[in-house]
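Have a look at it first, and then we'll pick out a few spots together.

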Number of protein chains: 2
Amino acid sequence: MEIREIFAANLKRCRKAKGLSQEDLAHRAELDRTYISALERCVYAASIDVVARIAKVLEVKPSDLLSGHGD
Amino acid sequence: MEIREIFAANLKRCRKAKGLSQEDLAHRAELDRTYISALERCVYAASIDVVARIAKVLEVKPSDLLSGHGD
DNA sequence: TTTAACCACGGAGTATTCTCGTCATTCTGT
DNA sequence: ACAGAATGACGAGAATACTCCGTGGTTAAA
């Protein structure tokens, strides 16, 4: 599984767990709504800076967003 | 601690643990030597694609490179 | 049927990462 | 002290992340 897919899946799961829309998350993390959408579709390889900003909003560790199923 | 610093510290530690120079690592991960140097100095925010490529060479999980002291 | 919320997707522009060449500096071993 | 290896530093350009504008599709509720 590609790292982008792992990140996308974790992002989507954590976002929904918090009951946030892509737009809610984008606003709170000061990112663009279409960019969040693109990240969940593996269009881009996010920089670790945005991983950290998203993790903060979702109240998880940055490393959690890069962790696959059995880690 | 900034995410770049955490990544830089983990990168440097894991690289030395494998006995690799920046140039060795760069070559094996198909990255530029001066870029590895810059990453260890927190000049750039690496994309998750390069985190994954570096992690593979260093035989650690990508998430390990973003983990701070007590995670 | 309308209205609203949510999301996929395109294009164009800006900002940043990443590559490459080069030279300077520091470190290591003899 | 010296030579060679490893790293730091810098500028220029290519590649890609990221923003901002909009359009259309789906689903659920009024």
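A:Cys42 has a relative accessible area of 26%, so it is partly exposed (buried means under 20% relative accessible area, exposed over 50%, and partly exposed in between, using a 1.4 Å probe and protein chains only). Before going on, bear in mind that this is a predicted model, where local features need pLDDT of at least 70, side-chain atom pairs count only at pLDDT 80 or more, and totals for chains, interfaces and linings use all residues. Residues are numbered from 1 along each chain as its sequence is written, chains are lettered from A and ligands numbered from 1 in the order in which they are written, and side-chain values use heavy atoms, leaving out hydrogens and water.

Where does A:Cys42 lie? You'll find it in the loop between helix 3 and helix 4 of chain A (helices are DSSP runs of H or I with at least four residues, numbered from the N terminus). Its phi is positive, near 60 degrees, and A:Cys42 is not a glycine. Over in chain B, B:Cys42 sits in the loop between helix 3 (33–40) and helix 4 (48–58), with a positive phi near 65 degrees. B:Cys42 counts as partly exposed, at 26% relative accessibility.

Now step back to helix 3 (residues 33–40) of chain A, where A:Ile36, A:Ser37, A:Ala38, A:Leu39 and A:Glu40 are buried. These buried residues pack against helix 1 (3–17), helix 2 (22–28) and helix 4 of chain A (contact means heavy atoms within 4.5 Å).

Next, the rings. Over all chains there are two aromatic pairs (rings of Phe, Tyr and Trp, the last by its six-membered ring, pair if their centres lie within 6.5 Å; planes under 30 degrees apart are stacked, over 60 edge-to-face, and the rest tilted).

| Pair | Centre to centre | Between planes | Type |
|---|---|---|---|
| A:Tyr35 and A:Tyr44 | 5.7 Å | 40 degrees | tilted |
| B:Tyr35 and B:Tyr44 | 5.7 Å | 40 degrees | tilted |

A:Tyr44 is partly exposed at 45% relative accessibility. In chain B, B:Tyr35 is partly exposed with a relative accessible area of 21%, and B:Tyr44 is partly exposed at 45%.

Finally, how do the chains meet? A:Ile48, A:Asp49 and A:Ala52 in helix 4 of chain A meet B:Ile3, B:Arg4 and B:Phe7 in helix 1 of chain B. The residues of this contact divide into four nonpolar, no polar and two charged (Ala, Val, Leu, Ile, Met, Phe, Trp, Tyr, Cys and Pro count as nonpolar, Asp, Glu, Lys and Arg as charged, and the others, Gly among them, as polar).

Definitions and conventions:
Helix = DSSP H or I, 4+ residues; strand = E, 2+ residues; numbered from the N terminus.
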